[in-house]
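Here is a short report on one protein model. Please look over the sequence and the structure before reading on.

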Amino acid sequence: MRLSSFSDYSLRVLMYLGVHAGRLATIAEIAASYGISENHLMKVVHQLGRLSYIETVRGKGGGMRLAKPPADIRLGEVIRQTEIDCALVECFGAASTCQIQAACRLPSILDEALAAMFKVLDSYTLADLLHSPGQLTQVLFARPVTQPVV
C-alpha cells in the first residue's frame, strides 16, 4: 500500500505544527519548508481543520496551530480520514469485476493485513513522531528553502 500525497502532506503539516507548538504557522511557511505546493497544502489544511486536528486564525498575524495535544492525535485515525480509498485490490470495491472472487482467499488475507497495519498505526500518536523535536526542527531548517511547486 502506498499513501496518497494528501495523507503524506497531512502528516507533515501535523508534524510541523507539533514542532512549532505555541505559535501560529502559515501555509506559505510550511510549503516552503517542505518544498511542496501551497495550493495543494491549502486543501490539506482545509481538511485538517474540518476534521478538528488544527485550528486556523484568520487575518493579519493569522495562521494555524494544532487543535489537540499531539498525544491525542492517532496516526491510524488521520490516515483513515485522509485516504480516499484503502482498497488494496480491485475486488475490495463494490464494482468488482473479478471472475474468481467467490472462491478466492486473497481478499480476506489482504483485509487481515490491512487491519494489522492500522492496528500498528493506531498504537502511535503524533507525539511519537515528535519524540526528538529538536532534530526535526534542525532538519527542516538546515535544508535550503526551495520555491514550492505551484
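Is His131 buried or exposed? With a relative accessible area of 68%, His131 is exposed. Buried means under 20% relative accessible area, exposed over 50%, and partly exposed in between (1.4 Å probe, protein chains only). His131 sits in the loop between helix 6 (126–129) and helix 7 (133–142). Val19 is 112 residues away from His131 along the chain, yet the two C-alpha atoms are separated by 9.8 Å.

**Basis of the model**

The model is predicted; local features need pLDDT of at least 70, side-chain atom pairs count only at pLDDT 80 or more, and totals for chains, interfaces and linings use all residues. Residues are numbered from 1 along each chain as its sequence is written, and side-chain values use heavy atoms, with hydrogens and water left out.

The pLDDT, the predictor's confidence in each residue from 0 to 100, averages 86 for the protein. A score of at least 70 is reached by 87% of the residues. Residues 142–150 stay under 50. For that stretch the model has 19 contacts beyond four places in sequence. Contact means heavy atoms within 4.5 Å.

**Overall build**

The protein has 7 helices and 2 strands. Both are DSSP runs numbered from the N terminus: helices are H or I with at least four residues, strands are E with at least two. From the N terminus on, the order is α-α-α-β-β-α-α-α-α. Of the contacts with a separation of 6 or more, 68% involve residues 24 or more positions apart. Of the 150 residues, 34% count as buried. The accessible surface comes to about 9,200 Å², and carbon and sulfur atoms own 56% of that. These areas come from the Shrake-Rupley method with a 1.4 Å probe.

**Core and hairpin**

A nonpolar core is a set of buried Ala, Val, Leu, Ile, Met, Phe, Trp, Tyr and Cys residues joined through side-chain atoms within 4.5 Å. The largest one holds 31 residues. Val13, Leu14, Leu17, Ile30, Leu41 and Ile54 touch the most other members. Helices 1 to 5 and strand 2 each supply at least two residues of this core. Helix 1 gives the largest share, 9 residues.

Where does Ile54 stand in the strand pairing? Ile54 is opposite Leu66 in strand 2. Leaving out residues up to four places away in sequence, Ile54 touches partners including Leu14, Leu17, Val45 and Met64. Strand 1 (residues 54–57) and strand 2 run antiparallel, joined by 4 bridges. Two strands pair if DSSP finds at least two bridges between them. Their hairpin has 5 residues between the strands, and Gly59 takes a positive phi near 95° there.

The structure holds 1 aromatic pair. The rings of Tyr16 and Tyr34 have their centres 6.2 Å apart and their planes at 65°, so the pair is edge-to-face. Rings of Phe, Tyr and Trp (its six-membered ring) pair if their centres lie within 6.5 Å; planes under 30 degrees apart count as stacked, over 60 as edge-to-face and the rest as tilted. Tyr16 lies in helix 1 and Tyr34 in helix 2, so the pair ties together parts 18 residues apart in sequence. Both Tyr16 and Tyr34 are buried.

Met42 lies in helix 3. At 44% relative accessibility, Met42 counts as partly exposed.

Two C-alpha distances are set side by side here.

| Pair | Apart along the chain | C-alpha separation |
|---|---|---|
| Met42 and Ala31 | 11 residues | 9.5 Å |
| His131 and Val19 | 112 residues | 9.8 Å |
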